[in-house]
Amino acid sequence: MVPGVGEPADDRQLLLDEVRGAGSVLAMPVAGRLSDRLGARRPALTGAFVAALGAALGAAALTRVDAGGAWPALWAFVVGAGLGAVGAPTMGSLYRTLPRHQVPQGSSVLYMLNQLGAAVGIAVVALVVDLAGDADPARGFRYGYWWILACVLVILAGSSLLPGRPDPAGHVVRPADDGAVAGTP
């Protein structure tokens, strides 16, 4: 848990991954319920902002040589909670916006893209941490957080395109239409 102090990098990374996963698992159901009432856009934007804040603070916390203890775990938890708050509304919006007959295909595509994105994302962050932290593990984790921040900023920009709040009839308000409702002429 303390970068660069007595633990192998693999053990530290595994611990931070578990903490990040716990944050995500706790945030997903809450964000899913919120997206049912508020639409996907607001919870996803909030989650992306929280994840960006956690990644920036995680990178900043690791600039100090003695930055250890609970700080890296806390920022990993914040990043995980933010990403969990993005994931549930985004996935839920797929099922709300696709025509009923396309939901099975959309579900399959979503599952494949989710698996591919997770595998590539984890591999890239692990590679950044390993290459940048060859001589200094704290530096590797700091660069890993900066990479996560860059990806979360892309997510933040994309979150604004998610559907907004459903109207009382159950139609979804599209982001660019300012009040126009999906599914109506």
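Modeller: Before we start, pLDDT is the predictor's confidence in each residue, from 0 to 100, and this is a predicted model.

Colleague: Which elements have the lowest and the highest mean pLDDT?

Modeller: Helix α1, residues 9-38, has the lowest mean among the elements of the chain, at 83, whereas helix α2, residues 41-61, has the highest, at 92.

Colleague: Switching to S24, where is that one, and is it buried or exposed?

Modeller: S24 lies in helix α1, and it counts as buried because its relative accessible area is 15%, where the cut-off for buried is under 20%.

Colleague: What does S24 touch, then?

Modeller: Leaving aside residues up to four places away in sequence, S24 touches G80, A81 and G84.

Colleague: New topic: which residues make the nonpolar surface patch?

Modeller: That patch, of about 630 Å², is made by V109, Y111, M112, L113, L116 and V120.

Colleague: Take L116 from that list: which helix is it in, and why does it count as exposed?

Modeller: L116 is found in helix α4, which spans residues 103-132, and L116 counts as exposed because its relative accessibility is 53%, the cut-off for exposed being over 50%.

Note on methods. Residues numbered from 1 in each chain as written. Predicted model: local features only at pLDDT ≥ 70, side-chain atom pairs only at ≥ 80, totals over all residues. Heavy atoms only, no water. Patch = residues over 30% accessible without salt bridge, like charges linked within 9 Å, V, L, I, M, F, W, Y side chains within 5 Å. Areas by Shrake-Rupley, 256 points an atom, 1.4 Å probe, with all protein chains shown as cover. Salt bridge = Lys/Arg side-chain N within 4 Å of Asp/Glu carboxyl O. Helix = DSSP H or I, 4+ residues; strand = E, 2+ residues; numbered from the N terminus. Buried < 20%, exposed > 50% of the residue type's maximum accessible area, 1.4 Å probe, protein only. Contact = heavy atoms within 4.5 Å.
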